[in-house]
Amino acid sequence: MGLALSAVIICSPVFLTVLGSLKSGNELAASLAPVLNGTSGMIEWKLFPLYPTLIHFVKLLIWTPDFFTVFWNSMKIVGTILAGQLVFAVPAAWAFAAFRFKGRKLLFTLYVILMLLPFQVTMLPSYLVLDGMNLMNTHAAVILPAVFSTFPVFLIYRSFTAIPRELIEAAKIDGAGELAVFWKVGIPLGSPGILSAVVLGFLEYWNMMEQPLAFLQDKTLWPLSLYLPEVGAGQAGIALAASVIALIPAVFVFVIGQDYLEQGIISSGIKE
């Protein structure tokens, strides 16, 4: 009972957003008058719309071309980041998990420290580096720092360490080289950690705001996460409709990858 009540409370903003997007403009204006007009009084929010309508979705998807631009920007940025992380983070995590080399623990400790640093700490160094590379106000300014994030390395590393060493040694005894062991043993058995890193990465970068706000001046380059706060107060219906559409990819990815996410979290808790 307690869990069900907690779930309802946590999910209530999503339900209110979806139901609010179906309300007419007049109904929203009447309900949100104290907020939209800056007048005194309390908001009167009825749970279900009196006359459900899809007009806000029609306006957003047909009459608002800017929305498609920022939506594509988000897809481009997130997709490129996740692809880059798979290229660089997976081999790096395997190197930490499968090989024993001098300074390995120290280097991995540095990875963990970098993972714990918030963006506010690394923003100025990142800005100086990106500005020196003439990448400011381009999508590369947002993509490159995220591609080399240390968090997916840590998560995938924990999944790789759960693979029995005996299995790796047996593959080598059978004649498999290092690349074959990585491709045929490491990736299949470490897939829960890899896929959980992809799911968590998508949810994080789909909603990121600070990095594009700091590195992108041209609004045509902005992702969807920065478009939503720009919608005016008089466009509450469009804002709610845009929020619903922005939720769809995140919910879809979470539902599809939920099992892998749970397995990856379990694997990340196994001590070396």
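**View 1. Helix α12 gives the largest share of the lining of the largest cavity, five residues.** The model is predicted; local features need pLDDT of at least 70, side-chain atom pairs count only at pLDDT 80 or more, and totals for chains, interfaces and linings use all residues. Residues are numbered from 1 along each chain as its sequence is written, and side-chain values use heavy atoms, without hydrogens or water. Lining residues have an atom within 4 Å of a cavity point; a cavity is a set of points, on a 1 Å grid over the protein atoms alone, where a 1.4 Å probe fits but cannot get out. Helices are DSSP runs (H or I, at least four residues), numbered from the N terminus.

**View 2. The lining of the largest cavity.** Gln85, Phe151, Pro152, Ala197, Leu200, Gly201, Glu204 and Tyr205 line the largest cavity. Five lining residues are nonpolar, two polar and one charged. Here Ala, Val, Leu, Ile, Met, Phe, Trp, Tyr, Cys and Pro count as nonpolar, Asp, Glu, Lys and Arg as charged, and the others, Gly among them, as polar.

**View 3. Cavity count and volume.** There are three cavities of 30 Å³ or more. A volume is the space filled by probe spheres set on the points.

**View 4. Helix α9 is mostly covered.** Eight of its 11 residues are buried (under 20% relative accessible area, 1.4 Å probe, protein chains only). Among them are Pro152, Leu155, Tyr157 and Phe160.

**View 5. Confidence along the chain.** Mean pLDDT (the predictor's confidence in each residue, from 0 to 100) is 85 for the protein chain. Helix α3 (residues 33–36) has the lowest mean among the elements, 70, and helix α8 (residues 139–147) the highest, 94.

Definitions and conventions:
On a 1 Å grid over the protein atoms alone, a cavity is a set of points where a 1.4 Å probe fits but cannot get out, and a pocket is an open set with protein on both sides within 12 Å along at least five of seven lines; lining residues have an atom within 4 Å of a point. Helices (H or I, at least four residues) and strands (E, at least two) are DSSP runs, numbered from the N terminus. Buried means under 20% relative accessible area, exposed over 50%, partly exposed in between (1.4 Å probe, protein chains only).
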